[in-house]
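Subject: Structure for you to look at

Hello,

Here is the structure I promised to pass on. Please open it alongside this email; my notes follow below.

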Amino acid sequence: MIEVYASASGKLMKQSLHDLQVSRSVAWIDVTDPTSDELNHIKEKTDIPLVELRHALDSKERSRVKITNFYTLIIFNGISEKASHPISPVGMFFTKKYILTIHSSDMRSFDDIDPGSEIFRKVMQRGTEYILYTLLFRIIRDYFDPIDKLDDLLSQIEEGVVHKYTTEGTRKISAVKTRLTYLHKALLSNHEVIVSLSKTEVVKEKHMFDDLNVELAQLAEEVELFIERLNTSMYLYLMAVSNRLNDVMRIFTIFASLLLIPTLITGLYGMNVILPLQANPQAFWIIVMGTVVIMAVMLLIYRVKKWI
């Protein structure tokens, strides 16, 4: 799908790519999951090589900046609408007359833009550099929502580790850690892109992109803090499991030691030799009572030593 917005003589228009006159207007061309025919149409209209367009659609493409004589290619990590691939690269082809964004899935950053709003009209009138800044800002801003949700989930995990520990807890910890790792990697890559972009002559209003760097640094620091919290939760979880195992083994050891006394005595009296009390008609009850007394004394000793 291709959407084209063009601003000329103070007017904002939605056009088809075929009708767009690049030399006479400032345009934003947004392309989502294009077909081969659409890619060829874009190539014919913008002279951007097909290989570059396909690179921008590659889900494994790394964030980077590439400057050519005709355009600047920016690969930036955004938040995707796909639950299976929450991080998705966005390709941005930046020139003085237009900016082309291309991505393989719907992006939250672009879906909630209102083309009919006065704010959008003013953004388009200020030129492609401000359009680029606005789009990058929206992509960065969309990281706050999943990070806030992870904060709430981390609080639940931390509370669960303190009060109960199950295998479900380990699965949650593993899932959150994977998500945090992807977010952290994406934020660091985006930070490198903005730094590289600020050092070039492509952008003139460098202070705007410095603001983006501040936002990215804050997000990255917050994710790093979450990772530390998660590691602490995992450590507490393992400690709780270890303590539970120690408690179980202590109970087994106490039972085994208590059963050792009657086992030893019955084993001795099972031998075919002359033993004390053998001729006493109350021998059985005397032996039972003696065994019970010894076990009670052992329990008392365990209790005094706070083993139980």
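Let me start with one residue. Arginine 64 counts as partly exposed, at 26% relative accessibility. The classes work like this: buried means under 20% relative accessible area, exposed means over 50%, and partly exposed is in between (1.4 Å probe, protein chains only). Arginine 64 sits in strand β4. Helices (H or I, at least four residues) and strands (E, at least two) are DSSP runs, numbered from the N terminus. Leaving out residues up to four places away in sequence, arginine 64 touches His55, Leu73, Ile74, Ile75 and Val193. A contact here means heavy atoms within 4.5 Å. Isoleucine 147 is 83 residues from arginine 64 along the chain, and their C-alpha atoms are separated by 23 Å.

Two points on how to read this. The model is predicted, so residues are numbered from 1 along each chain as its sequence is written, local features need pLDDT of at least 70, and side-chain atom pairs count only at pLDDT 80 or more. Totals for chains, interfaces and linings use all residues, while side-chain values use heavy atoms, with hydrogens and water left out.

The whole chain

The protein chain has nine helices and seven strands. Its radius of gyration is 35 Å, whereas a compact globule of 308 residues would have one near 19 Å. That radius is taken over C-alpha atoms, and the globule rule is 2.2 Å times the number of residues to the power 0.38. Along the principal axes, the C-alpha atoms fill a box of roughly 120 × 40 × 35 Å.

Buried residues make up 40% of the 308. Take the contacts in the chain with a separation of 6 or more: residues 24 or more positions apart account for 64% of them. The chain exposes about 18,100 Å², and carbon and sulfur atoms supply 59% of that area. Areas come from the Shrake-Rupley method with a 1.4 Å probe; for residues, only the protein chains shown count as cover.

The chain carries 35 positive and 37 negative charges, and their mean positions are 4 Å apart. Lys and Arg count as positive, Asp and Glu as negative; His and the chain ends are not counted. Each charge is placed at NZ of Lys, CZ of Arg, CG of Asp or CD of Glu.

Which residues of helix α2 (residues 50-57) are buried? They are Glu52, Leu53 and Ala56. These residues cover an arc of only 100° around the axis, so they are on the same side of α2. The arc is that of the directions from the helix axis to the C-beta atoms. The buried residues of α2 pack against α1, β4 (64-67), β5 (72-79), β6 (87-94) and β7 (98-103).

In helix α4 (residues 118-125), the buried residues are Phe120, Val123 and Met124. Seen down the axis of α4, they fall within an arc of 95°, so they line one face of the helix. Their cover includes β1 (2-8), β2 (11-15), β3 and α5 (128-141). Glycine 127 follows α4 and has a positive phi, near 105°.

Arginine 138 is in helix α5. At 15% relative accessibility, arginine 138 counts as buried. Beyond its neighbours within four places in sequence, arginine 138 is in contact with Ser109, Asp112 and Ile113.

Along helix α8

Alanine 217 lies in helix α8. Its relative accessible area is 30%, so alanine 217 is partly exposed. Alanine 217 and leucine 188 are 29 residues apart in sequence and 8.2 Å apart in space, C-alpha to C-alpha.

Isoleucine 251 is also found in helix α8 (residues 206-268). Isoleucine 251 is partly exposed, with a relative accessible area of 39%. From isoleucine 251 to isoleucine 308 is 57 residues in sequence and 7.9 Å in space, C-alpha to C-alpha.

Is serine 257, at 17% relative accessibility, buried or exposed? Serine 257 counts as buried. Serine 257 is found in helix α8. Setting aside residues up to four places away in sequence, serine 257 touches Met298 and Tyr302.

One backbone angle to check

Most residues other than glycine have a negative phi. Aspartate 33 has a positive phi, near 45°. Aspartate 33 lies in the loop between β3 (26-32) and α1 (36-46).

Best wishes
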